[in-house]
Every structure is written in C-alpha cells, then in structure tokens.
Amino acid sequence: MGQLNFSNIHKRFGAAEIIKGIDLEVEEGEFVVFVGPSGCGKSTLLRMLAGLEEVTQGDIVIDGVKVNELPPVKRGIAMVFQSYALYPHMTVFENIAFPLRVERTKEEELRKKVEAAARILQLDQRLEQKPGQLSGGQRQRVAIGRAIVREPKIFLFDEPLSNLDAALRAEMRIELTKLHKRLKATMIYVTHDQVEAMTMADRIVVLNGGEIAQNGAPLELYHKPENLFVAGFIGNPKMNFLPVTCKGAGPDGVKVEYDGRTITVPVAPRQGMEGRRLTLGIRPEDIQIGKGELDIPVAPSVIERLGANTVVYAALPGSDTENYCALIAGSAPVRAEETLETGVFAKDCHLFDEGGVAFERQVEMTEVDPELLVATG
Amino acid sequence: MKSNAMIDRYRWYEVIGIYAGVLLFLTFVLAPFVEGFLVSLKPLTYLFSSPYKFWPQNASFDAYFTMWERVPLLGRYIFNSILISTVGTIIGVILITPAAYAFARFDFRGRGPLLGAFLAVNMFSGAVLLIPLYRLMRSFGLLNTYFAMIVPGVAFVIPTGIWLLRTYMLRIPQELEEAALADGASRFYTFRRVILPLAMPGISVVAIYAFLTIYAQQFIYALTFNSKTEYMPLPVGLYAFFGRQDVIWNELMAASFLGVLPVFVVFIYLQRYLVAGMTAGALKT
Ligand SMILES: Nc1ncnc2c1ncn2[C@@H]1O[C@H](COP(=O)(O)OP(=O)(O)OP(=O)(O)O)[C@@H](O)[C@H]1O
Ligand SMILES: [Mg+2]
C-alpha cells in the first residue's frame, strides 16, 4: 500500500500563497522526485504530506483515506530530513530504535528490527556510536534507518543528500535506488539537484512558484519539455534559447527565421502563427561543429575543457552576456575569440510560443526506448 | 607567548598592560577575601594591635574551632543556608524548565509582552518589594517558615532563568522535534527524551545561577520574613558574633569563610558546565 493523491492543494503563510493548487497522483511503489528552484515550495509540500504543516485548502489522500487532519504517525509515512535530525545524545542504535520505543515495541522484537535495518544500511559496526562520531554519509544512513524500522507505506526525503560531497552523493544515490527496489515502498523525494532527479526518479514533478510546471518520466521531461521553464531547468548545461520569428506552419512543422536563415522545426503546427515572436530551444549537446540545418556562427569567449567534453560559451549577436552554450567533443579544435561555425538539426530543436508553452515535438525518438518515456507505476 | 597564532601575538608593552589591568581588578575583587582570611587566622587580641599588621603573627586556626562553641547554632545556620538554596534551586529548575520550553517553542498570545515583563522584573531587586512581599507572606501565612525565604528567592530567579534557558532551547534544532513528532512521539515524550537531555548544559547553567542568586539573596528575606532563630541562614546567623561590647572578628571571618565554601564548591565543580552552557551554540547533530 502507499497510493497517494493530492487534490487542489493550497498553502498560504499569512497573505503569501506558497502552494497554488497542486493536483497529483502517485502510484504505489513509485519513486517520485519533486524538483524546482529554491523557494518554490517543495519542502512545504512535503511537510504538508508529512503532517508537519497544515493544509490551507485541498485534500491529501493516502490509500483512500483523507489524512489532512491526521497526525504524522497515523499517515503511515516516515520522513528523512535534510539535516538528518539525529538525536545527538543517543547512540546510533537508540536513534534507529526511537520510533519503536515510542510505539513501546517489545525489546526483543525491537532489537531484531533495528539490527535488520542496520544490516541493510551497513551500520552494524556503528550501533554503539553517537551520531557526532559518524561521517556525513553514515549519519544519512542512520536517518534512513530510523525511517525504515517504522515500515512506512511512504518514505519522504527532503534533500537528503545535499549536505554530502559529490562522490558520496553519487554513492548514496545508487544506494537509495537499491533500497527502493528492495523495499518496494512509495518514495517521495525532494531535491533541487536535477542529476538526482534524473537518475533516481520513476517520475519527476517539476515545481515552479508553487505550481506543477510538468510531471512525467525523466526522459519525457528531457525530450518533451512542455514549457520554457522545464526546458531550462532539466538538462545541464542549460538549453539555449534563441529568439526567432514564425514564417509559417505546415504539416511537416513550423518554419522559423533566425538571423536571416530559416529552419522548419518538426513540431505540431498551430494556425495563425505567422509573424509571431517564438523561442527556439537548442540543447548544448545537440550543437555540432560545422554545418547543420541551421548555422549559428559564434565567437567563443570562454572554453571549459572537461576532458570528455568541451563546453563553449559565447555571446549571440545583439547580446553582451554569454547566452549561447555548446557541448562538444573533448578534443574539439576550438579557440577563444576565433569564430566557430556551429550548426543544429531541425529534429533536435524545441519551439516555444510567446507564453512559453512548447509546441509538441513530432519527432520519433527512435534512439529512445519508448518505455522510458512513460512513467512506470 | 607560546601560542603561534598571529592573533595571540602581543608586543611586550601590550603584555605588561594586560597583566597590569588583570592585577588591578583582581586586587579589588580578591583583597577582601585575603584580608578576611588573614583576620580569621589572627588571635583576637592581636587584631587591634597598632600599628596594624597585615600578615598575622601567631597565626592559628583556633577561630575555626572556637566559633562552634561561641555560637552553638552555627551548624544549623549553615545547614539552613544550604537547605534554602538547594530547595529553592530544585523548585526553580522544575518551574523554569517547562516554562522556558513553552516560551521557546509555543506561539501563544502575550508571549512577547510576558518576556519583556520578565526582563523588567529584573530591574527591581527583591529589596524594593519587601513591604508588599511581607504583606503577601502574611496573608499566605508563610511568615517565620523556611518557605518565607525560599518562595521569594525562587520567584526572583524565575524570570532570568526562563530567559537563559529559553535562549539555550532556541538553539536546539526544531527538526529534531519534528522528527520525533513524525515518529509518533507526543509533545511530552519529545520533551523528556529529546529536549531535556539536550538542554542539560543549559539547565545546569540555570541551576548554578539559581543556587548562587538564592544563596546570596536569602539574608534579605530572612531578616524581613523570619524571626525564628533556628530557621536563620548563615548571613543572618553571623550576627551572633556581634557581642554586646565587641565583635569576635576572627571567628566571624572564619564562619563567613565556611559560609562561602558551599558556593565555592558548587562553582568549582560546575563551572565547566557554566562555560560550556553559556557558549554552546554547537549542538552537533
Ligand atoms: N513557516 C513559514 N512561514 C512563512 N513563510 C514560509 C514558511 N515556510 C516556508 N515559507 C516560504 O515558503 C516558500 C517555499 O518554501 P520551501 O521551504 O517550501 O521552499 P523549497 O522549495 O523547499 O526551497 P529549498 O530548495 O530552498 O529548500 C519560501 O518562499 C518560504 O519563504
Ligand atoms: Mg526545502
């Protein structure tokens, strides 16, 4: 069990509306990641779900039961906090055992459960230590252990890895994914790190300003972002946005003009778009050196060589900041301030209208397993 | 200067200045103690010898023995002093701890004004309020009991105690409590298992503060609210050394020192908590 349903959730702090109507369904066993920029309301949403924050309006339903008024423990959830929230005066064992002590579990059973959790998390050797003696990753695991022993239907994680260094974060990401497979519980995971979102999620919910910007499988968000916000948020380095003018629409897509050159982007056409200002979205990794269907000559100002890749930053004509970024081969022969011919192909392009809403891309993404584009339940 | 940190390097004249300053203040603070101690060692007859000699001749600890005979209740006075302070401290801590928690965590109406009022109360010492307090004690029938000295003592440590402990408790991360709440613990369970242990250094500070304050202030209340000799604390009991004609200075000083001793012991023993508690911000989670 662990099916979850938000319907029309609102949250106000005084006059400020932080969550502006969220509708969301989460299937049992799903790993759902909430991402969004800082302050968009991710933690608030999670805390409402946990029962630590009141819901101003709307219903939260877990397994068919409305839980708005229920205390956290009655909701069948367990939460892992960003700061771990371990009790510094208790040993690891007592920290993990805390929820069981609250429930007055019998000593024997308690010991069994704690030891089982410790084994899963490789904490067997640490049970008698205090949290202060542990490394960041171990503390994180203790916090997870405290969640596991409750055997909750739904796990809530609020940026659990943000205090760890990059290497440990990658390691814990894998461990969490394994844990999810093993426990088969529903997991709701909040982060502002899109790598975490892309790698762990069955489904990503992108939040922006208290609303859902898009909700879908990781690759769906990557290949078919529904709006400028998601397009810019998912993907690293960020998608390039070029101002273009619409020149017409036909069955094979929308024809747009950039800097005197035209390209027909294969997206679902709409009528009456001629002359409108649109935004052409190009991912840095889709840019080639040399000719493409649309050529964009630039003079790189900063070049970052990462070994495997080279990141080229340049200013587009009519701009004085580096708003054009290309991700090219690690050994590409590029030099700063020397004009570079770059090109893109129409099938890789994204197109957005004045309101930032995407035109649906028509391309068959043959290289993508279609299963990956559908959120798995 | 052994320390290697740049910030700890001083020029020679700065070092001299620092030590001179420390010496000056220590003189003012400690001279009465030294003088008092030396007086307690001098035989009474040498006390008023002129010219006055700072260093005692024929020094002896006789006064520390004879004082018990001259004032047979001396032991009782000392016991009373400690009893009043200890009971007062216990009651104080029991009242202050939950109150401080409430002021730290619950958002109730009038919290701000109340805290302000607590601060304002500190402007009045108990002495200013003696007469109203006297009437209060009389109507509660507390005059001439231990409680006459304990209750006002406790009352005046509560506001500062709440401030001290509240500040300390504010530094305990709220997430700890939320985690406990999410795990099903009740407020009270959380308070007992999580807040209390973590607030222990802060509670120690409050206990020390309460003990010292009540110990130092008890004589005002004793003088006013109590006339029973056997309930008197030491500071009042010392008057017994004031004879009809002369004052037995050496024994008076000896008894005073004995009276300072409990405070001293408490302080020595607990001062590391005091320092740790006052500087603690680093609650490692
Ligand atoms: N108790 C509160 N009272 C008033 N405003 C609040 C409160 N808690 C959060 N907010 C506001 O709600 C907004 C969203 O906060 P929230 O913590 O949910 O953001 P977030 O998406 O988790 O951000 P981050 O990635 O930085 O953690 C913020 O603008 C914040 O100022
Ligand atoms: Mg947050």
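**Domains and a helix in chain B**

Analyst: The centres of domain 1 of chain B and domain 2 of chain B, taken over C-alpha atoms, are separated by 29 Å, with bounds of 6–47 and 63–279 that come from an automatic or database domain assignment. This is a predicted model, where local features need pLDDT of at least 70, side-chain atom pairs count only at pLDDT 80 or more, and totals for chains, interfaces and linings use all residues. Residues are numbered from 1 along each chain as its sequence is written, and side-chain values use heavy atoms, leaving out hydrogens and water.

User: How much area do domain 1 and domain 2 of chain B bury between them?

Analyst: About 690 Å², 76% of it on carbon and sulfur atoms, where buried area is the accessible area (1.4 Å probe) that two parts lose on being put together, summed over both. B:Phe33, B:Ser40 and B:Leu44 supply 56% of what domain 1 of chain B buries against domain 2 of chain B, more than any other three residues.

User: And how many salt bridges across that interface?

Analyst: The rule, a side-chain nitrogen of Lys or Arg within 4 Å of a carboxyl oxygen of Asp or Glu, finds zero between domain 1 of chain B and domain 2 of chain B.

User: New topic: which residues of H3 in chain B are buried?

Analyst: In helix H3 (residues 62–70) of chain B, a DSSP run of H or I with at least four residues, B:Ala63, B:Tyr64 and B:Met67 are buried, meaning under 20% relative accessible area with a 1.4 Å probe and protein chains only. Seen down the axis of H3(B), the buried residues fall within an arc of 100°, so they line one face of the helix; the arc is that of the directions from the helix axis to the C-beta atoms.

User: What is exposed on the other side?

Analyst: On the other side of H3(B), B:Phe65 and B:Glu69 are exposed, that is, over 50% relative accessible area.

Methods:
Chains are lettered from A and ligands numbered from 1 in the order in which they are written. Helices (H or I, at least four residues) and strands (E, at least two) are DSSP runs, numbered from the N terminus.
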